[in-house]
Structures are given as C-alpha cells and as structure tokens.
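Here is a protein to get to know, one piece at a time. Have a look at the model first, then read on for a guided tour.

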Amino acid sequence: MSTSNPRSAGRRERNKQDKLDRITAAARELLTERGIDDVTTQEIADRADIGAGTLFLYARTKGELLMLVQNSDYVDALARGIEAAAAAPDVLDAVVELIRPIVACNRVRVDNGRTYLREMVFGDPAEPHHRDALAMNAQTESAIATVLQRDRRLRSADASTLARVVSAIMLACLAPTVNAERSVDDLIGEIRRQVAVLLR
C-alpha cells in the first residue's frame, strides 16, 4: 500500500516548476546581457537564488542552460511563424514568414544562437534539453512541409524531404562565422533566394 500523499507530491512538483522557472529566467537574463562565454553557472544559480548543486539537477552545463532558454524562446518563435505563414499569399512567402521569427530568435545574441546550433547538432541527444531542441527542429520541418503541401504538385513525402532541405539551408545560413555580422533581413533574403531555387 502506497503511503505517498498526493498533496505533498503536488507541492513538490510546484516547487520543481518554480525552481525551473527561476533558473530559466536567470539564465535568460544573464545570457542575453553578457553572452554564454562571459557568464558562469554560479552566477546563474545566484541570480535564481538556488545552490549550484540544485542548478545541476536541471542542467549540467552552460550549454544545457542555453538550450533550456533557447528552447523556450524557440517555441514562441515557431508559433509566431506558423501564424504568419497562414496569412502569407503564396508558398515561398509562407515559408519565409514561418522561418523569419526563428531566425530573429537565433540572432538576439549571435554568440548564443551559434552555440545553440552547435549544441543541437553535436550535443548529447539523451540530454533532455537537447532532445527538446531536436523535437522542435522536427516540428519546424513538419510545419514547413505543411506549407509546402499547398503546392498540389508535391507529394507528401517530397514536401517532407524539401522541408528538411529548407531547414538545412536556414541552419547553414545561421551557423557560419562569416555570417555573424549579417542582419536578420539580410539572412532572410539569402534564405529566400535559396528556397526560391528549390521551389522552381
């Protein structure tokens, strides 16, 4: 017979969520202010008003903390992109409007955005924040595929394949050092040109 109290279990979950919210807010503030290279995990723990040991229960490295923050922002960016795409007049415009908020999210701090992409590609896929990032990338590709299927000439499988190519184009434009100083509009223009060739 279980002796666990549902009220205490609920309280524990609320306390865990409260700590996670504080960690996310503290990490977002510090990483946005100073960038990943100039912030320590101890500073994030202090700002969140928790011990460093507690912080490591939620994220073991600065890279994971960055993933936690960027994942949260990425969810909102993807939702805005899907909404904007629904109002766009044609397929190319819709694809561009879908990815525009994602590109902008990645460029809030270029060093953070580039580190996030590196962590997503090369990080530990068993780590929860990394797994969430990969899942959101898959959701983005699915949303792009949905937009591409407005073109009745495309089979569903072809739309999914093209969506992966569009996603790769976006990542290839965001990641390189040579693009670090380029504006969101400039990157969007480059992505648009490449996607336009794909869709001919």
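## The overall layout

Starting at the N terminus, the elements of the protein run α-α-α-α-α-α-α-α-α. That makes 9 helices and 0 strands, where helices (H or I, at least four residues) and strands (E, at least two) are DSSP runs, numbered from the N terminus. The C-alpha trace spans about 60 × 45 × 30 Å along its principal axes.

Before going further, keep in mind that this is a predicted model, so local features need pLDDT of at least 70 and side-chain atom pairs count only at pLDDT 80 or more, while totals for chains, interfaces and linings use all residues. Residues are numbered from 1 along each chain as its sequence is written, and side-chain values use heavy atoms, with hydrogens and water left out.

## Inside, outside and charge

Of the 200 residues, 40% count as buried; that means under 20% relative accessible area, with exposed being over 50% and partly exposed in between (1.4 Å probe, protein chains only). The accessible surface comes to about 10,800 Å², and 53% of that belongs to carbon and sulfur atoms. These areas come from the Shrake-Rupley method with a 1.4 Å probe, and for residues only the protein chains shown count as cover.

Now for contacts, meaning heavy atoms within 4.5 Å. Among those with a separation of 6 or more, 67% are between residues 24 or more positions apart.

As for charge, the protein has 28 positive and 29 negative charges, and their mean positions are 4 Å apart. Lys and Arg count as positive and Asp and Glu as negative, with His and the chain ends not counted; each charge is placed at NZ of Lys, CZ of Arg, CG of Asp or CD of Glu.

## The nonpolar core

A nonpolar core is a set of buried Ala, Val, Leu, Ile, Met, Phe, Trp, Tyr and Cys residues joined through side-chain atoms within 4.5 Å. The largest one here has 56 residues, and those with the most contacts inside it are Ile23, Ile44, Leu98, Tyr116, Leu148 and Ile191. Helix H5 (residues 91-106) gives the most to this core, with 10 residues.

Take Leu148 as an example: leaving out residues up to four places away in sequence, Leu148 touches Val91, Val95, Leu154, Ala159, Leu162, Ala163 and Leu199.

Is Asn137 buried or exposed? Asn137 counts as buried because its relative accessibility is 13%. Asn137 sits in helix H7 (residues 128-148), and its side chain makes a polar contact with the side chain of Ser167 (3.4 Å). A polar contact is a pair of N or O atoms within 3.5 Å; within protein, one must be able to donate a hydrogen and the other to accept it, and residues adjacent in sequence count only if both atoms are side-chain atoms. Asn137 and Ser167 are 30 residues apart in sequence, with 8.1 Å from C-alpha to C-alpha.

Asn106 belongs to helix H5 and counts as buried, at 5% relative accessibility. Its side chain reaches the backbone oxygen of Gly113 at 3.2 Å. Then there's Thr24 in helix H1 (residues 6-34), which is buried at 10%. Setting aside residues up to four places away in sequence, Thr24 touches Leu68 and Val69.

Most residues other than glycine have a negative phi. Asp49, though, has a positive phi near 60 degrees. Asp49 lies in the loop between helix H2 (41-48) and helix H3 (52-58), and counts as exposed at 64% relative accessibility.
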